[in-house]
Amino acid sequence: MNINRQLLSKPWLSDDADITDSYNQTQCLRVVQTQSTKTALVFFLMVVTVVFFLISITFLSRSQYPDFTALAGPPWLPFSNPITLWVNSAFLLLASIVIRFAATSKASNESVANTRMVLALCLTGLFSCLFLIGQLLVWQQLTASGFAVNGNPANSYFYLFTGIHGLHLAGGFIALIRVVISFVKHADNERLSANLGLCVWYWHYLFIVWMLLFALLTATPATYKTIALLCGF
Amino acid sequence: MKEIQPIADDHQPSGFFAKYVWSLDHKVIAIQYSVTAIFVGLIALVLSALMRLQLGFPDHFSFIDPSSYLQYVTMHGIIMVIYLLTALLLGGFGNYLIPLMIGARDMVFPYLNMLSFWTYLVSVIVLIASFFVTGGPTGAGWTLYPPQAILQGTPGADNGILLMLLSLAIFIIAFTMGGLNYVTTILQARTRGMTLMRMPLTLWGIFIATILGLLAFPALLVSAIMMLFDKLLGTSFFMPAILSLGENLDYTGGSPILFQHLFWFFGHPEVYIVALPAFGMVSDVIATHARKNIFGYRMMVWAIVAIGGLSFVVWAHHMYVSGMNPYFGFFFATTTLIIAVPTALKVYNWLLTLWRGNIHFTVPMFFAIGFIFTFTHGGLTGLFLGNVVVDLPLSDTFFVVAHFHMVMGVSPIMVLFAAIYHWFPLVTGRMLHTGLGKLHFWVTFLGTYAIYLPMHYLGFLGVPRRYFALGDTAFIPDSTQTLNAGITVAALIVGVGQLIFIFNLIWSLRRGKVAVANPWQATSLEWQTPQCPPVHGNWGDNVPVVYRWAYDYSVPGHKTDFTPQNKTDAESLLPDKGGL
């Protein structure tokens, strides 16, 4: 029933009883479980969003301190031309597209569908790994060129942001592997597609977060100043 | 009708370990949480006794030095707030009551639930391990402010602080696993007829507190991770350029204030993470033992929601002395005072529930009424501290200590005791001893007043908190020492008084009076299970169907003075009112 109607109801009145009758009696265990996993994922993504939001706020505040040197701007700074980050982003985008393809592709023939699914899940894993390896290479390049974690706060934030983002992606592999296992074991299709659907959400979410982080980390000092002014720092 | 609840049979336990150790049953996990939390809580209680010994009788105890004193202060605070109160209220009572009160067989993710407890246990072990490492636990104060938290000179600056931050991070992971479970279970696994507005207020309190926790704990996680970076990798998130013990450190330009903002963005909602479940539970205890429906149910629900929302925009009232912009102070003082409105509504509603109720002076009711006193008292001093100009002279004095102990120490503990005395028969099948319970109540209630009321006066006199010794401080009269000694005596009596409770728990577990089913004649679902205590799966063959809210007490025309939520009108009305 409508949540507004529920919240505005007067539970102490006896005519409130129609609520009981309007309860969806067709609900079954599987629906409850799928809905629950979805709800839990929504709340989990809220938690992760708060984590990234708070670090971003501290980043913007810290960016206005005199010792902060952005990683983009003049040509000698590493992210004035962030080609490596673009390549990594492309990998994550591909992973995100491919996993969506795995979840939505329809085939008339079961063996074709299976082959597609296996291929798509493998490619999701592969592109995600390539993204993570790419991020590690960026870390290596940055450290080699003197932008160590304990150097300028902009460097520290880059390592912090990308590290936490990478860990979340790596955590997503656990869910993905579970989907693969249930696929291999021929678990029931509805459950499989529901779980795969949740993985799709997660991958899309991490891609969007990464693009926002990418924009934030490669912005110029002038941009930081404008955003900080808008935030009142 | 089809079965709409997750069936618990797939984890039907067999054997001792599966049943009591690696259990997936929410009731066993709740007990595991509770026992662990009470155990660490007792450690924190001993630490507070050690602090009081030093304050009341300085120079008498050679084993307490300035460093160890600060370590006691820190560990007492952090254990009580996070590892006891949060864990016991949400991990303990949340776990036990959510599925039973909504008519479910278990949490929706039992495995995650078990994982949550074991992760919590790991966080507790890591925390306790810090007592045994070189340098001991951190002595940075429970707020762990940098730069001093990680600099030499502060006790535990090498290993203690690392273990503390690590333990907090692990705790937050555990809480997130548990919290996702609580929220999802309440939203998705309610039985037929259990609409949101038919839920007992206990569930509303736990529900909103869990959402607060899920949104607030990330702030602590972020600050812990960033401080670990500062400590281990030499970054300067929070660390300014600093000269420490004559040595110029490598840190540059970080902002300790940034940490304070992050910490209190978690820290203030934390007050309500503890308070909201307590508000909910005390509402149910009062309604049940006054045999009267809760006054203003919807208002109570919206007050919980409003307090939860407002708690995210008051955090900087903990930082008035940090040199913030006065306009900022004005904003936070305003929001702080606004939060008093829904809180006061709740207090009025509790009183109005008691008004002309058929009050049964049971032990849970004693504690619930005691809570109304202590909470009102602590809330009123909060109005003092919420105002910037009044806060400035009182900041970091014993007035603050007295305030927050009344409002978020004693008050939730009073509710916890009320809840334990109330739900003990459900959990164990036996009643706690009433005489011992009343003795425990009076020692605790009067004792805590004897501790914290005089502490306000110490604060007025300007006695600072967290000082090992006052030394020759001209503006503090000598008589404060007498007062301090008196407070210590009261604290020791209250501390020892808790042994009555522990004894009662252990004794009643074996020899307590066997509880009849639903001994308090309550209406909420947890008391309506086919077996008391409920067995695995909670509901036997059929989950209950709910026909009414949880507060049908003393309804005219009903057969009894309580009508359980799962009774139809036909079953509950007197024959001439349309019943059978």
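Author: Contact, as the word is used here, means heavy atoms within 4.5 Å of one another. The model under discussion is predicted.

Reader: How many residues of chain B are in contact with chain A?

Author: The interface of this predicted model can be counted from each side. On the side of chain A, 43 residues take part. Their partners in chain B number 53.

Reader: What share of the area that chain A and chain B bury between them lies on carbon and sulfur atoms?

Author: Chain A and chain B together bury about 4,200 Å². The part of this area on carbon and sulfur atoms amounts to 71%.

Reader: How many residue pairs are in polar contact across the interface of chain A and chain B?

Author: Two kinds of pairing may be considered here. Between chain A and chain B, the rule finds 0 salt bridges. For polar contacts, with both residues at pLDDT 80 or more, the number of residue pairs is 7.

Reader: Which helix supplies the largest share of the side of chain A that touches chain B?

Author: At least two residues of that side come from each of helix H1 (3-8), helix H2 (18-22), helix H3 (29-62) and helix H6 (153-184) of chain A. The largest share, 18 residues, belongs to H3(A).

Reader: In which helix of chain A is confidence lowest?

Author: Over chain A the mean pLDDT is 87, and 91% of the residues reach 70 or more. Confidence is highest in helix H4 (residues 83-104) of chain A, at 94. Residues 20-27 of chain A fall below 50, and this stretch has 18 contacts in the model beyond near neighbours in sequence. The lowest value, a mean of 49, is that of H2(A).

Reader: With which residue does Arg62(A) form a salt bridge?

Author: Over all chains the rule counts 6 salt bridges. Arg62(A) takes part in one of them although the residue is buried, at 0% relative accessibility. The closest N and O atoms of the pair are 2.9 Å apart, and the partner is Asp67(A).

Reader: Is Lys27(B) buried or exposed?

Author: The side chain of Lys27(B) meets that of Asp25(B) in a salt bridge, at 3.2 Å from N to O. Asp25(B) has a relative accessibility of 5%, which counts as buried. Lys27(B) has a relative accessible area of 5% and is therefore also classed as buried.

Reader: How many residues apart in sequence are the parts that Asp569(B) and Arg548(B) tie together?

Author: The two residues form a salt bridge with their closest N and O atoms 2.8 Å apart. Asp569(B) is partly exposed at 36%, whereas Arg548(B) is buried at 6%. Asp569(B) lies in helix H15 (residues 569-572) of chain B and Arg548(B) in the loop between helix H14 (479-511) and H15, so the pair ties together parts whose separation in residues is 21.

Reader: Which residues does Ser244(B) touch, not counting residues up to four places away in sequence?

Author: Ser244(B) belongs to strand E1 (residues 243-244) of chain B. Its relative accessible area of 10% makes Ser244(B) a buried residue. The residues touched are Leu151(B), Gln152(B) and Leu249(B).

Reader: How far apart in space are Gly205(B) and Asn538(B), C-alpha to C-alpha?

Author: Gly205(B) is placed in helix H6 (residues 201-233) of chain B and is buried at 0%. Beyond its neighbours within four places in sequence, Gly205(B) contacts Leu276(B), Pro277(B) and Ile304(B). Asn538(B) lies in the loop between H14 and H15 of chain B. The two residues are 333 apart in sequence, and their separation in space is 22 Å.

Reader: What is omega at the cis peptide bond that joins Cys532(B) and Pro533(B)?

Author: A cis peptide bond also joins Pro146(B) and Pro147(B), with omega about 5°; Pro147(B) lies in the loop between helix H4 (110-129) and helix H5 (160-188) of chain B. Pro533(B) lies in the loop between H14 and H15 of chain B. For the bond from Cys532(B) to Pro533(B), omega is about 0°.

Reader: What is the relative accessible area of Asn538(B)?

Author: Asn538(B) has a positive phi of about 65° although it is not a glycine. Arg466(B) likewise has a positive phi, near 65°, and is partly exposed at 27%. Asn538(B), by contrast, is buried, with a relative accessible area of 0%.

Terms used: Residues numbered from 1 in each chain as written. Chains lettered and ligands numbered in written order. Heavy atoms only, no water. Buried area = accessible area lost by both parts, 1.4 Å probe. Salt bridge = Lys/Arg side-chain N within 4 Å of Asp/Glu carboxyl O. Polar contact = N/O pair within 3.5 Å; in protein donor to acceptor, adjacent residues only side chain to side chain. Helix = DSSP H or I, 4+ residues; strand = E, 2+ residues; numbered from the N terminus. pLDDT = per-residue confidence, 0-100. Buried < 20%, exposed > 50% of the residue type's maximum accessible area, 1.4 Å probe, protein only.
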